[in-house]
Amino acid sequence: MKPDLKSMTRKELEKLKANIDKALVKLAEKDKKAALAAAEKAAAAHGFSLAEITGDAPARKTRKAKTGPKKVSVPKYQNPADKSQTWTGKGRQPDWFKSAIASGTTPDAMEI
């Protein structure tokens, strides 16, 4: 039962192609399930599970990122010329800190 492709319309050919694609997908799924069942059976015959042989570990629970607000660091240094300027000692040094160090002030003298 060979279809006469030359006498079919474009619409009929596209429908036939879509049906063939669907049939191929279903057949591939069926073959995959059969292969998986055969592999599981072979592994069980040797006393293993398929996951043990392939190294597939069960899915782990992943940590969720903290969604709360970040902690604000406590200031460690204070500008001797302007007490409102502070620095935690983390990250880039502020210009006032750099200039105080350059002028001879020690970091210990600027600690709060």
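Leaving aside neighbours within four places in sequence, with which residues is A100 in contact? In this predicted model, A100 is in contact with T105 and M110. The residue lies in helix 3. Its relative accessibility is 8%, so A100 counts as buried. The description below moves from the whole chain to this region and its surroundings.

The chain contains 4 helices and 2 strands. Read from the N terminus, the order of elements is α-α-β-β-α-α. The radius of gyration is 36 Å, whereas the globule rule gives 13 Å for 112 residues; the chain is therefore more spread out than a compact globule. Along the principal axes, the C-alpha atoms fill a box of roughly 100 × 55 × 25 Å. Of the 112 residues in the chain, 8% are buried. The accessible surface amounts to about 10,500 Å². Carbon and sulfur atoms account for 57% of that surface. Contacts between residues at least 6 apart in sequence were also examined. Among these, 23% join residues at least 24 apart.

Helix 1 covers residues 10-45, a run of 36 residues. From its first C-alpha to its last, helix 1 reaches 52 Å. This is close to the 52 Å expected at 1.5 Å a residue. G47 follows helix 1 and has a positive phi, near 85 degrees.

K6 and D95 are 89 residues apart along the chain, and their C-alpha atoms are separated by 83 Å. For A100 and K32, 68 residues apart along the chain, the C-alpha separation is 72 Å.

The largest nonpolar core has 6 residues in all: Y77, W87, W96, F97, A100 and M110. Helix 3 gives the most to this core, with 3 residues. In soluble globular proteins, nonpolar side chains tend to be buried together. M110 is one of the core residues. Beyond its neighbours within four places in sequence, M110 is in contact with K76, Y77, Q78, P80, W96, F97, A100, I101 and T105. Core members in that list include Y77, W96, F97 and A100. T105 is in contact with M110 and also with A100.

N79 lies in the loop between strand 1 (77-78) and strand 2 (86-87). Not counting residues up to four places away in sequence, N79 touches Q85 and W96. The side chains of N79 and Q85 are joined by a polar contact of 2.4 Å. W96, the other residue touched by N79, belongs to the largest nonpolar core.

At 58% relative accessibility, G104 counts as exposed. G104 and Q78 are 26 residues apart along the chain, with their C-alpha atoms separated by 15 Å. Q78 is also among the residues in contact with M110.

Conventions. Residues are numbered from 1 along each chain as its sequence is written. This is a predicted model: local features need pLDDT of at least 70, side-chain atom pairs count only at pLDDT 80 or more; totals for chains, interfaces and linings use all residues. Side-chain values use heavy atoms; hydrogens and water are left out. The expected span of a helix is 1.5 Å times one less than its number of residues. Buried means under 20% relative accessible area, exposed over 50%, partly exposed in between (1.4 Å probe, protein chains only). A nonpolar core is a set of buried Ala, Val, Leu, Ile, Met, Phe, Trp, Tyr and Cys residues joined through side-chain atoms within 4.5 Å. Contact means heavy atoms within 4.5 Å. A polar contact is a pair of N or O atoms within 3.5 Å; within protein, one must be able to donate a hydrogen and the other to accept it, and residues adjacent in sequence count only if both atoms are side-chain atoms. The radius of gyration is taken over C-alpha atoms; the globule rule is 2.2 Å times the number of residues to the power 0.38. Accessible areas come from the Shrake-Rupley method with a 1.4 Å probe; for residues, only the protein chains shown count as cover.
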